[in-house]
Amino acid sequence: MPDDARRALLTRFFDHAPMFPPANLPPAEALSEDRRARESEHAWLLGRLVWPAAQLAELPQDEDRALALVDRNTERQDDAVYLEGVPLDEVAGRGLRAKIRCGGERVPTVEELAEFVHGCRSRGLVFKATAGLHHAYPTEGGEHGFLNLLVAAVFGDEEEALRERPRAFALDAVSLRWRDREASPARLADARASLFHSIGTCSFFEPVEELERLGILP
C-alpha cells in the first residue's frame, strides 16, 4: 500500500495508446515512444501499452510489456475484459468491466459522464476511460479533465466534481483534497482498485507535463 497519496492515486494510471487517434503512430514509432516513456523519471505513472489486437503480430516477441489489446468495443488486459458502449447492467451481468469514451467523434456531457461513474459505483463495476483526457481539468474546448474524473470516483458528487475548474483540487504526499473533503492514500488506492482503473491516452507526456505544471508531481 503506497504511503504517498500521489502514488496511491496515479501509479500506472495512464495506459499508453500511441497507435490510436490522434497520434496514429505506426508500430515502430509507437514502440519507440513507449520506450521513451518507460525510461522517463515518471515511468511509475505508466500503465499498459494499448495495442490493436489485429496487429499483435507486429509487436516484437521479445517486447517485455504489459498489454491492453483492443478489438472494436472490447479491451483485454490479461483476465480483465472491458466493454465499451454496452449497458452497465449487461456488463455487470457478464461479470466484466466497463469502458467509456470521453472524446473523439463525440464528447459525453457532464451529466452523461457523471451518470456512468455513479452507475459503475452502484453496480460494483470497475471502469476505464479513454480518448479526450489529455488535460487534468476541463478545457475551454469542452474536454473533460482526468483529475476531475478521479475526484468524482473518489468522493462522489460526480457532476459537481466534473465541473470544477483549475486549482480546485489539491494532491500531495499526504492526501487528495476537495473543498472540505480529504482522502488518505489507503482510500485513494481503494478507489483505483475497486472503481476507476485507468485512462487510455495516445500521449503519455502531455498529461504528465500538465501534472508537473500544477505542482502535483515531485
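Q: Why does Val 81 count as buried?
A: Its relative accessibility is 11%. Buried means under 20% relative accessible area, exposed means over 50%, and partly exposed is in between (1.4 Å probe, protein chains only). So Val 81 lands in the buried class. By the way, this is a predicted model: local features need pLDDT of at least 70, side-chain atom pairs count only at pLDDT 80 or more, and totals for chains, interfaces and linings use all residues. Residues are numbered from 1 along each chain as its sequence is written, and side-chain values use heavy atoms, with hydrogens and water left out.

Q: Which residues is Val 81 in contact with, leaving aside neighbours within four places in sequence?
A: Thr 74, Glu 75, Arg 76, Leu 96 and Arg 97, where contact means heavy atoms within 4.5 Å. Val 81 itself sits in strand E5 (residues 80-84); strands (E, at least two residues) and helices (H or I, at least four) are DSSP runs, numbered from the N terminus.

Q: What makes Gln 55 partly exposed?
A: Gln 55 has 25% relative accessibility, so it counts as partly exposed. You'll find Gln 55 in the loop between strand E2 (46-52) and strand E3 (67-71), in contact with Met 19 and Pro 27 once neighbours within four places are set aside.

Q: What makes the 59 residues a nonpolar core?
A: The term covers a set of buried Ala, Val, Leu, Ile, Met, Phe, Trp, Tyr and Cys residues joined through side-chain atoms within 4.5 Å. The largest such set here has 59 residues, and Leu 10, Phe 14, Phe 146, Leu 188 and Phe 196 have the most contacts inside it. Helix H5 (residues 146-155) gives the largest share, 9 residues. A second, separate core of 7 residues includes Met 19, Leu 31, Leu 49 and Leu 59.

Q: How do you know that the buried residues of H7 are on the same side?
A: In helix H7 (residues 185-194) they are Pro 185, Leu 188, Ala 189, Ala 191 and Arg 192. They cover an arc of only 160 degrees around the axis, so they sit on the same side of H7. The arc is that of the directions from the helix axis to the C-beta atoms.

Q: Which residues make the contact of H4 with H5, and how do they divide by class?
A: Leu 113, Val 117 and Arg 121 of H4 meet Leu 149, Ala 152 and Ala 153 of H5. That gives 5 nonpolar, no polar and 1 charged, with Ala, Val, Leu, Ile, Met, Phe, Trp, Tyr, Cys and Pro counted as nonpolar, Asp, Glu, Lys and Arg as charged, and the others, Gly among them, as polar.
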